[in-house]
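Please have the structure open while reading.

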Amino acid sequence: MNWLSRFEKEFLRKPGEHLLEVGITGSGKTQGLYWICDGIVNVGKEAVVWFDIGKGNEITVLSRFRSLKIFYPYECKVEVRGVDDVKYHPFDLVDEIWLELDPSRINVVSIEPFIDDPEVYSRIVGTIFKRLVRLSHAGEIYTPLTVFLDEFHNVAPGKGQGMTDNHYRIGAYVQKNVERLRSLKVRIVASTHGITKIRKGVRTSFNWLMIRRISDKLGQEITRLDRYLDIFQTLANDEAIIVYPTKTYSDKIKLPFYAIPEGARVDYIGLVGEEEDREELKLSHMVKH
């Protein structure tokens, strides 16, 4: 069977299909997300949003597929060097991310690189997801749309994985609404280094899996695949196995390597709440002296 042709027909060309990529750290998950992004860009006019987690210069690879539009908090700054035709959109209101999408570009949302407080991060991520759901339901967002989220366990954490109580509430909201997004032609393509690190009701909503090298079993929902654990544990960094909604799985698929463009670089300048932190330091200094 031609697994890639089937993947193109049943996933890439079918908006609203959620996919979760699972693999240990260093197994090539980001390369897998690039590969899927490349495929989606090439088969249609679907808009793409990529949430940037600030790992090195990784977002510059996306410029190989489409020009970039980068959203970032207005009090901070992103500078991309060595890449042509980059648009920047500093934002104040979260709605700007969804209402100002450019379907002709890859829309990169850089928030996490500027936040070091887990409570602030979980609150902002929750608001962003809620506005995605509500604006999609109101028909105010360009669709079809694919949202790429690396390290998805940080958005909808499983039991014992959350950073704050609010973080778990966000996960509950994601669980309630992820299926609604499918019907609105908004899909989530996400990755995690442990499937059970994601809230159970959320991970079962991903009807497609892409497995990279893993170390643990895949969870109670898909125990039938655990018999192939030896295969999954020995996948090379450029290999993946696709699990289809029917729970049939492909042969090993060899994925291309997407290199950072020569000379490309990303600089992240500032922190959300930095001014408040400075004022607090000044006050502390006055009290101590």
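## A loop histidine and its surroundings

His18 sits in the loop that runs between helix H1 (3–12) and strand S1 (19–22). The model is a predicted one. His18 has a relative accessible area of 0%, which is under 20%, so the residue counts as buried. Leaving aside residues up to four places away in sequence, His18 touches Phe11, Val178, Leu181, Arg182, Val186, Arg187, Ile188, Ser205, Phe206, Asn207 and Trp208.

Helix H1 packs against helix H2 (residues 29–43) at an angle of about 70°, and the two axes are 11 Å apart. This angle makes H1 roughly perpendicular to H2. The crossing of H1 and H2 is right-handed. On the H1 side, Leu4, Phe7, Glu8, Phe11 and Leu12 take part in the contact, and they meet Trp35, Ile36, Gly39, Ile40 and Val43 of H2. The residues of this contact comprise eight nonpolar, one polar and one charged.

Glu179 belongs to helix H5 (residues 165–183). Glu179 and His18 are 161 residues apart in sequence, while their C-alpha atoms are 9.1 Å apart in space. Is Glu179 buried, partly exposed or exposed? With a relative accessible area of 36%, Glu179 is partly exposed.

| From | To | Distance |
|---|---|---|
| His18 side chain | Val178 backbone oxygen | 2.9 Å |
| Glu179 side chain | Arg182 side chain | 2.8 Å |
| Glu179 side chain | Ser205 side chain | 3.5 Å |

Arg182 and Ser205, which share polar contacts with Glu179, are also among the residues that His18 touches.

Conventions. Residues are numbered from 1 along each chain as its sequence is written. This is a predicted model: local features need pLDDT of at least 70, side-chain atom pairs count only at pLDDT 80 or more; totals for chains, interfaces and linings use all residues. Side-chain values use heavy atoms; hydrogens and water are left out. Helices (H or I, at least four residues) and strands (E, at least two) are DSSP runs, numbered from the N terminus. Buried means under 20% relative accessible area, exposed over 50%, partly exposed in between (1.4 Å probe, protein chains only). A polar contact is a pair of N or O atoms within 3.5 Å; within protein, one must be able to donate a hydrogen and the other to accept it, and residues adjacent in sequence count only if both atoms are side-chain atoms. Contact means heavy atoms within 4.5 Å. Axes are lines fitted to C-alpha atoms, for helices over the stretch in contact, and angles run from 0 to 180 degrees between N-to-C directions. Angles under 35 degrees count as roughly parallel, over 145 as roughly antiparallel, 65 to 115 as roughly perpendicular and the rest as oblique. A crossing is left-handed if the near helix is turned anticlockwise from the far one by less than a right angle, and right-handed if clockwise. Ala, Val, Leu, Ile, Met, Phe, Trp, Tyr, Cys and Pro count as nonpolar, Asp, Glu, Lys and Arg as charged, and the others, Gly among them, as polar.
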